[in-house]
Amino acid sequence: MESFGTHDGPGIRLVIFLQGCKLKCVYCHNPDTIETSGGKLYHIDELVEIALKMKPYFGKKGGVTVSGGEPLLQSKELIPFFKRLKKEGIHTNVDTNGRILNHFTEVLLDYADLVMLDIKHMTEEGYEAITGMRNKETAFNFAKQREASGKKMWLRYVLIPEITNKPELLHQMGAYFKDFKTIEKIELQPYHKLGIHKWDALGWDYQLKDARENTEKEIGMAVNILEKYFKEVKIN
């Protein structure tokens with residue numbers, strides 16, 4: 001858990017990182033949350049109590065974000081948690097890769113004031129190279145479902161030079177999402193290597209050791225392109 005988080009949704013937030021993810025992204029900075037085993041069990045009452053203690057700091061914009069790992073693996077268990085938070089007037093947010101869309105997910109998202117959807121890549125080959133899985137369309141189907149609900153959504157996109165930070169991919173993403181009414185902004189996350197030590201600790205091979213960070217010019221180029229399609233472009 002992270003208290004006073006400022007990069008996981010609007011305002012000051014309590015961020016709860018859940019264990020388990022079906023993807024294994026090559027740049028993941030929380031690789032310790034990928035395995036579905038492990039983690040610490042919390043009762044919903046305990047989580048609600050923690051959130052209520054933080055409520056005075058949330059202000060008008062803040063609240064609770066569930067992240068991971070992939071929080072939607074535990075959609076069924078999160079439904080009563082989000083119901084309780086809504087009764088207490090606490091803003092709810094789901095940070096997801098959009099890989100899971102089932103009945104429990106749909107019910108949970110009805111109680112989510114915001115969804116932050118991580119777009120990995122615009123091509124099937126690129127998606128598989130980054131995540132280790134195929135069928136990128138699951139994330140786009142997830143976005144369509146959220147759009148149909150009329151509820152707020154932010155997009156997130158990791159900028160990796162020569163891999164995801166390419167003009168043609170940025171234009172493709174912008175063209176795909178430009179008519180979505182629920183998207184308030186897109187957050188760009190420039191590539192960094194701050195999580196490599198976690199991969200080493202797990203005994204896993206980090207595959208992007210040769211990747212470099214973006215230059216200011218490259219970041220500026222990405223922003224200039226995406227500003228043509230989105231209401232707001234933010235650099236995290």
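The exercises below, each with a worked solution, concern a predicted model.

Residues are numbered from 1 along each chain as its sequence is written. Local features need pLDDT of at least 70 and side-chain atom pairs count only at pLDDT 80 or more, whereas totals for chains, interfaces and linings use all residues; side-chain values use heavy atoms, with hydrogens and water left out.

**Exercise 1. Determine which residues of helix α8 are buried, and what covers them.**

Step 1. Helices (H or I, at least four residues) and strands (E, at least two) are DSSP runs, numbered from the N terminus. Buried means under 20% relative accessible area, exposed over 50%, and partly exposed in between (1.4 Å probe, protein chains only).

Step 2. Helix α8 spans residues 216–226, and its buried residues are E218, I219, A222, V223, I225 and L226. Seen down the axis of α8, these buried residues fall within an arc of 165 degrees, so they line one face of the helix. The arc is that of the directions from the helix axis to the C-beta atoms.

Step 3. As background, an α-helix has 3.6 residues a turn, so residues three or four places apart point the same way.

Step 4. E216 and K217 are exposed and sit on the face of α8 turned away from its buried side.

Step 5. The cover over the buried residues of α8 includes β6 (152–159), α6 (167–177), β7 (183–190) and β8 (233–235). Contact means heavy atoms within 4.5 Å.

**Exercise 2. Identify the residues with the most contacts inside the largest nonpolar core.**

Step 1. A nonpolar core is a set of buried Ala, Val, Leu, Ile, Met, Phe, Trp, Tyr and Cys residues joined through side-chain atoms within 4.5 Å.

Step 2. The largest such core has 48 residues, and F81 and F177 have the most contacts inside it.

Step 3. With neighbours within four places in sequence left aside, F177 is in contact with I119, F140, A143, L155, I183 and F230.

Step 4. A second, separate core of 18 residues includes I34, I130, V158 and A211.

**Exercise 3. Describe the lining of the largest pocket.**

Step 1. On a 1 Å grid over the protein atoms alone, a cavity is a set of points where a 1.4 Å probe fits but cannot get out, and a pocket is an open set with protein on both sides within 12 Å along at least five of seven lines; lining residues have an atom within 4 Å of a point. Grid points are joined across faces, edges and corners, and a volume is the space filled by probe spheres set on the points.

Step 2. The largest pocket holds about 850 Å³ of space. Its lining comprises 37 residues, of which H29, N30, D95, R156 and Q189 lie nearest its centre.

Step 3. At least two lining residues come from each of β1 (2–5), β4 (91–96), β6 and β7.
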